[in-house]
Amino acid sequence: MAIKLYYTTVTASREVKSQQAEMMRILESKSITFELIDISVGGEVRDEMRNKAGNPAAVPPQLFNDDQYCGNFELFSEAVEADAVEQFLKMA
């Protein structure tokens with residue numbers, strides 16, 4: 001199993017930047033290994049993220065366990081509040 005975080009290095013949105021940084025910080029603090037996938041390298045990567053998420057308008061950050069969709073920042077935040085990150089990431 002591999003946790004994948006789809007993110008972007010090219011955004012003018014402070015909100016997206018802070019959400020991405022927060023997700024990375026929390027995953028690292030819980031010693032959860034994850035792979036970063038930058039959607040700004042090409043439209044096909046962005047389309048792949050949207051197809052896997054089942055949402056043609058999905059924006060980063062988005063989390064997956066391999067190809068299984070886990071959720072976006074809001075859902076991740078709820079899992080952190082509920083102390084259920086491992087379940088959210090489909091690791092437990």
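Exposed means over 50% relative accessible area, buried under 20%, and partly exposed in between, with a 1.4 Å probe and protein chains only. Helices (H or I, at least four residues) and strands (E, at least two) are DSSP runs, numbered from the N terminus. The model is predicted: local features need pLDDT of at least 70, side-chain atom pairs count only at pLDDT 80 or more, and totals for chains, interfaces and linings use all residues. Residues are numbered from 1 along each chain as its sequence is written, and side-chain values use heavy atoms, with hydrogens and water left out.

The buried residues of helix 2 include Val45, Met49 and Ala53. They cover an arc of only 70° around the axis, so they sit on the same side of helix 2. The arc is taken over the directions from the helix axis to the C-beta atoms. Strand 1, strand 2, strand 3 and strand 4 are among the elements that cover these buried residues. Contact here means heavy atoms within 4.5 Å. Just after helix 2, Gly54 takes a positive phi of about 70°.

The sheet is open and has 4 strands in the order 2-1-3-4, with mixed pairing. Two strands pair if DSSP finds at least two bridges between them. Strand 2 (34–38) and strand 4 are the edge strands, each pairing on one side only. Neighbouring strands are turned by 25° against each other on average, direction ignored. Axes are lines fitted to C-alpha atoms, for helices over the stretch in contact, and angles run from 0 to 180 degrees between N-to-C directions. Strand 1 (residues 3–7) and strand 3 run antiparallel and are joined by 4 bridges. Lys4 has Phe64 of strand 3 as its bridge partner. Helix 2 (residues 43–53) packs on this sheet and touches strand 1, strand 2, strand 3 and strand 4. The direction of helix 2 makes about 125° with that of strand 1.

Helix 3 (residues 73–81) has Phe73, Phe76 and Ala79 buried. Seen down the axis, the buried residues of helix 3 fall within an arc of 120°, so they line one face of the helix. Glu78 and Glu81 are exposed on the other side of helix 3. The buried residues of helix 3 pack against helix 1 (14–29), strand 3 (62–65), strand 4 (68–72) and helix 4 (85–88). At the start of helix 3, a side-chain oxygen of Asn72 reaches to within 3.2 Å of the backbone nitrogen of Glu74. Asp83 follows helix 3 with a positive phi, near 55°.

Val80 also lies in helix 3. Val80 counts as partly exposed because its relative accessibility is 27%. Not counting residues up to four places away in sequence, Val80 touches Ile26 and Val85. The C-alpha atoms of Val80 and Ile26 are separated by 8.4 Å, with the two residues 54 residues apart along the chain.

The largest nonpolar core has 17 residues, of which Leu27, Leu63, Phe76, Phe88 and Leu89 touch the most other members. A nonpolar core is a set of buried Ala, Val, Leu, Ile, Met, Phe, Trp, Tyr and Cys residues joined through side-chain atoms within 4.5 Å. Strand 1, helix 1, helix 3 and helix 4 are the elements that give two or more residues to this core. Helix 1 gives the most, with 4 residues. A second, separate core of 8 residues includes Tyr6, Ile37, Val45 and Ala53.

How values were computed
Polar contact = N/O pair within 3.5 Å; in protein donor to acceptor, adjacent residues only side chain to side chain.
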